[in-house]
Structure formats: structure tokens, C-alpha cells
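Colleague: Could you walk me through this model, starting with its charged pair and then its helices?
Modeller: Happy to, let us look at it together.

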Amino acid sequence: MMSRLKFFLKVRLPFALPYIFSGLRIGVTFAVIGVVLGEFITSQAGLGYIILFSANNFETALLLAAILLLCGVGIVLFAFFLALEAVVMRVYDSR
């Protein structure tokens, strides 16, 4: 007879992990978008402010650099959770 905790760790959690990591990858993408939108509205610094400032002053190079940096941050965070998923799934598949 398994305890509730052991049943959760051995059966439920391994089957839920793909869904958990899918949610994390989607969530981190929306979090980056939300931070920039928040900076569009209220901030005096940050990438959202730089994007608005450079768009209003027709500084195309600065605008594209800020957007490229923002894309890079999103890709790095997405790749981090993708790699973390691979490591965790390898650990749970070996059991």
C-alpha cells in the first residue's frame, strides 16, 4: 500500500510534468510581453520605455536594438525552461 505522498511523487507528478512545463514556457513568454506592456504605460526606464522613446524620436537603430534584445531575453528564458524540462524528464524517466 502506497502513502499519498509516494503515490503523488511516483505516479501523478511524472504524468503531469509535461503539462507543467508547457504552462511554464507559455507563462514566461507572456510574462516578458506583460513586463514590456507595463513599461509602455508607466515606466521611466527599461526596454518598453526605450522602445517608445526611440519610436517617438525616429531612432530606428535604437528601436530595433531594443526589440532584438527583448526577443533575445524571451528566447533565452524559453530555452531555459526547455532545458530544465529535458533534465527533469530524464530524471523521472529513469525511475
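Modeller: Arg-25 and Glu-85 form a salt bridge, with their closest N and O atoms 2.3 Å apart. By salt bridge I mean a side-chain nitrogen of Lys or Arg within 4 Å of a carboxyl oxygen of Asp or Glu. This is a predicted model, in which local features need pLDDT of at least 70 and side-chain atom pairs count only at pLDDT 80 or more, while totals for chains, interfaces and linings use all residues. Residues are numbered from 1 along each chain as its sequence is written, and side-chain values use heavy atoms, leaving out hydrogens and water.

Colleague: How many residues apart in sequence are the parts that Arg-25 and Glu-85 tie together?
Modeller: Helices here are DSSP runs (H or I, at least four residues), numbered from the N terminus. Arg-25 lies in helix H1 (residues 4-42) and Glu-85 in helix H3, so the pair ties together parts whose separation in sequence is 60 residues.

Colleague: Is Arg-25 buried or exposed?
Modeller: Buried means under 20% relative accessible area, exposed over 50%, and partly exposed in between (1.4 Å probe, protein chains only). Because its relative accessibility is 16%, Arg-25 counts as buried.

Colleague: Which residues is Arg-25 in contact with, leaving aside its neighbours within four places in sequence?
Modeller: Contact means heavy atoms within 4.5 Å. With those neighbours left aside, the partners of Arg-25 are Phe-78, Phe-81, Leu-82 and Glu-85.

Colleague: What is the arrangement of H1 relative to H3?
Modeller: Axes are lines fitted to C-alpha atoms, for helices over the stretch in contact, and angles run from 0 to 180 degrees between N-to-C directions. H1 and H3 pack at about 175°, with their axes 10 Å apart. Angles under 35 degrees count as roughly parallel, over 145 as roughly antiparallel, 65 to 115 as roughly perpendicular and the rest as oblique. That makes H1, relative to H3, roughly antiparallel.

Colleague: How far apart are the C-alpha atoms of Thr-29 and Gly-74?
Modeller: Thr-29 sits in helix H1 and is partly exposed, with a relative accessible area of 36%. Along the chain, Thr-29 and Gly-74 are 45 residues apart, yet the separation of their C-alpha atoms is 6.2 Å.

Colleague: What is the handedness of the crossing of H2 and H3?
Modeller: Helix H2 (residues 47-56) and helix H3 (residues 60-93) pack at an angle of about 155°, with their axes 8 Å apart. H2 and H3 are therefore roughly antiparallel to each other. A crossing is left-handed if the near helix is turned anticlockwise from the far one by less than a right angle, and right-handed if clockwise. For H2 and H3 the crossing is left-handed.

Colleague: And what is the arrangement of H1 relative to H2?
Modeller: The axes of H1 and H2 come within 7 Å and cross at roughly 55°. That makes H1, relative to H2, oblique.

Colleague: What is the phi of Phe-58 near?
Modeller: Phe-58 is found in the loop between H2 and H3, and at 74% relative accessibility it counts as exposed. Its phi is positive, in a residue other than glycine, with a value near 55°.

Note on methods
Helices (H or I, at least four residues) and strands (E, at least two) are DSSP runs, numbered from the N terminus.
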